[in-house]
Amino acid sequence: MTIQDVPMDASRPASPLAGPEELPRVILIDDDTDMLAMLRVVVGRKCDCEIRVAESGAIAWELFKTWRPDIIVTDIKMPGLSGLDLLNKVKELDPSISVIMMTGYGTVEMAVEALKQGAYDFIEKPFDNDHLVLTLQRCLERIKLLHENQTLQQKIDSRSASRKFIGQSPKLRQALELMDKIADTDVTVLIRGESGTGKELAARVLHQMSGRSDKSMVAVNCPALPEHILESELFGYAKGAFTGATSKKKGLFLEAHGSTILLDEIGDLPIELQTKLLRVLQEKEIMPLGHTRPIKVDVRVLASTNQDLEEKIRRGLFREDLYYRLNVVSVTMPSLNDMTEDIPLLARHFLQLYGEEYGKPGLKITPAAMQHLERRRWKGNVRELQNVVKRAVLLAADKNISIADLKDTFQPETPCEDILSEVNSLSYNNAKEEVVNIFSRKYLTNALQQSGGNVSAAARSSRLGRQSFQRLLRRYGLEAADYRTTST
Amino acid sequence: MARILVLDDVFDAGILIQKILQKEGHEVKPFTEEEDALRYAGDNRIDLAILDIKLKKMSGIEVLEELKKINADIRVMMLTGYPTIETARQSLELGAEEYCVKPIDKDELKEKVSKVLASS
């Protein structure tokens with residue numbers, strides 16, 4: 001007899017249910033040590049599982065608490081804790097565990113009792129080894145199915161857009177229902193909505209709920225890259241296509257082959273590239289620079305914008321045919337002012353999120369402060385609300401967040417020393433982040449005020465690139481349009 | 001008071017159970033034929049069925065299965081002179097509430113019946 005082929009691994013941490021790659025865990029229990037050794041060998045050879053043994057119910061119970069098994073095979077008649085007692089204790093703690101009972105003094109009453117208490121099966125000694133193995137294999141099969149069921153259930157749960165978005169307002173529900181319907185198709189989707197409404201999140205959810213989710217989504221921020229770089233980024237180029245093209249470049253469309261590409265801020269796509277994008281959408285092929293033959297690609301295109309594309313078409317800045325190609329289905333993310341009833345829900349969600357992140361659990365927003373949140377205008381939408389709550393969490397002196405904690409920080413009259421004294425109680429990193437926040441908002445607001453809402457001019461005076469400046473505006477929830485002096 | 005169906009291929013055994021349980025205030029209908037019992041269960045509302053396992057044509061386990069198809073709410077108690085762990089396991093899997101062994105003590109029968117009925 002050898003027990004060397006029994007897989008053992010003491011280092012693995014306890015887990016209530018073994019994951020799909022992990023072997024199921026079995027505890028064998030019998031006070032007869034010869035019997036136990038025999039069981040271990042038989043089960044170890046014939047069943048694909050990890051095995052531990054115990055010589056008494058008490059030892060098994062201790063083992064059970066630290067090394068959660070999936071199956072327990074136990075003798076009934078044992079000194080101390082009997083098999084039936086053990087069954088009771090185990091089932092009380094975790095009803096999902098399968099318990100197989102064995103006994104040499106099997107009475108029907110005992111079997112009935114054990115089965116009624118939730119034993120998986122009842123085996124009479126002496127038994128045929130094959131009978132035990134068969135029972136155990138059937139039990140392992142059941143556990144596998146249970147695991148699979150659990151995984152699938154989780155998958156179904158994650159396959160609903162509503163799991164990723166918070167809110168009950170009709171407009172949001174409408175958007176989410178539409179997303180549920182179109183997610184698992186290859187249809188091109190135009191995601192519209194003001195800045196900060198969750199367009200990129202919507203795109204990610206659409207991707208995750210699609211059959212392409214095993215590959216990661218490629219996101220391109222169109223205005224972030226200069227025109228000529230954007231082209232080679234999107235479509236790639238061949239080696240030697242132009243001076244400096246010392247090696248070939250794959251391009252993001254090819255990168256997204258079999259997956260999804262998100263073209264963020266599509267309204268800023270230069271008109272020349274719009275023509276090329278149209279070709280991709282129509283022919284499903286790309287033509288990298290320096291290539292003579294097009295390459296077929298299988299990419300689902302999602303595009304997002306916060307601009308009025310129809311107006312851009314009228315002004316000749318956006319191709320109408322591309323617009324219709326992109327706008328097969330359009331999902332509109334509601335602005336926060338369209339879903340004011342969800343503000344308390346969202347505020348509490350962010351409160352909990354940041355409360356945990358910054359180690360300040362149990363914070364509450366006072367009713368007056370909540371009313372303030374519901375009534376004020378949210379130009380930066382959910383993102384702005386998120387930032388306001390985050391700041392309030394960082395600065396909260398006690399458990400209650402009052403209106404004062406929610407007030408905008410970049411009021412010009414706030415002297416620098418006041419800010420410093422406010423953040424003194426925070427950790428260095430959080431305090432620094434907060435001060436930088438306050439500074440950035442103040443700086444950007446000032447620049448925009450000076451330029452009368454002209455982004456290019458404000459960027460120039462800040463010695464920043466236009467795209468970088470816009471990125472900062474988005475991060476701090478500011479809108480250039482709010483500072484325009486001339487009426488549109 | 002509950003409506004109880006008893007199925008036992010031995011006529012006297014059924015009558016005995018009827019007498020014991022009627023004294024408890026239950027309405028008891030004894031049968032010796034499987035078909036009769038199933039037909040009765042299909043036409044009448046029954047709270048509890050007490051089934052022998054060794055019957056004439058079918059086994060009590062099969063009758064249990066049929067009864068549960070007719071009405072899943074019917075509570076079932078198996079009562080057999082030939083108990084095996086296998087039939088006990090099968091019975092409980094198919095939804096029987098109790099599995100008792102003959103000969104059964106009068107008081108034990110009363111107690112088991114009232115327990116099963118109380119669990120509804």
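Mentor: Pro126(A) is placed in the loop between β5 (121-124) and α5 (129-158) of chain A. The model is a predicted one, in which local features need pLDDT of at least 70, side-chain atom pairs count only at pLDDT 80 or more, and totals for chains, interfaces and linings use all residues. Residues are numbered from 1 along each chain as its sequence is written, while chains are lettered from A and ligands numbered from 1 in the order in which they are written. Helices (DSSP runs of H or I, at least four residues) and strands (runs of E, at least two) are numbered from the N terminus.

The peptide bond joining Lys125(A) to Pro126(A) is cis, with omega about -5°. Chain B has a cis peptide bond between Lys102(B) and Pro103(B), where omega is about -5°. Pro103(B) is located in the loop between β5 and α5 (106-118) of chain B. As background, most peptide bonds are trans, and most residues other than glycine have a negative phi.

Two residues count as in contact if their C-beta atoms, placed from the backbone, lie within 7 Å. Seven residues of chain B and eight residues of chain A take part. On the side of chain B that touches chain A, the elements giving two or more residues are α4 (85-93) and β5 (98-101) of chain B. The largest share of that side, four residues, is contributed by α4(B). Sorted by class, the side of chain B consists of six nonpolar residues, no polar ones and one charged. For these classes, Ala, Val, Leu, Ile, Met, Phe, Trp, Tyr, Cys and Pro are nonpolar, Asp, Glu, Lys and Arg are charged, and the others, Gly among them, are polar.

Consider α4(B) itself. Its residues Ile85(B), Thr87(B), Ala88(B), Ser91(B) and Leu92(B) are buried. They lie on the same side of α4(B), because they cover an arc of only 165° around the axis; the arc is that of the directions from the helix axis to the C-beta atoms. A residue is called buried if 20 or more other C-beta atoms lie within 10 Å of its own, exposed if 12 or fewer, and partly exposed in between, with C-beta atoms placed from the backbone. In general, an α-helix has 3.6 residues a turn, so residues three or four places apart point the same way. The buried residues of α4(B) pack against elements of both chains: α4 (108-116) and β5 of chain A, and α3 (60-70), β4 (75-80) and β5 of chain B. After α4(B) comes Gly95(B), with a positive phi near 105°.

The axes of α4(A) and α4(B) come within 9 Å and cross at roughly 30°; axes are lines fitted to C-alpha atoms, for helices over the stretch in contact, and angles run from 0 to 180 degrees between N-to-C directions. The two helices are therefore roughly parallel to each other, a term for angles under 35 degrees, with over 145 roughly antiparallel, 65 to 115 roughly perpendicular and the rest oblique. Val108(A), Ala111(A), Val112(A), Leu115(A) and Lys116(A) of α4(A) meet Ile85(B), Ala88(B), Arg89(B) and Leu92(B) of α4(B). By class, this helix contact has seven nonpolar, no polar and two charged residues.

For context, chain B has five helices and five strands, and its pattern along the sequence is β-α-β-α-β-α-β-α-β-α. Of its 120 residues, 37% are buried. Chain A has 20 helices and 14 strands, with 33% of its 488 residues buried.

Asn381(A), not a glycine, has a positive phi near 55°; Asn381(A) belongs to helix α15 (381-395) of chain A and is buried, with 23 other C-beta atoms within 10 Å. Lys284(A), also not a glycine, has a positive phi of about 55°. Lys284(A) is in the loop between α10 (271-283) and β9 (285-286) of chain A, and is partly exposed, with 14 other C-beta atoms within 10 Å.
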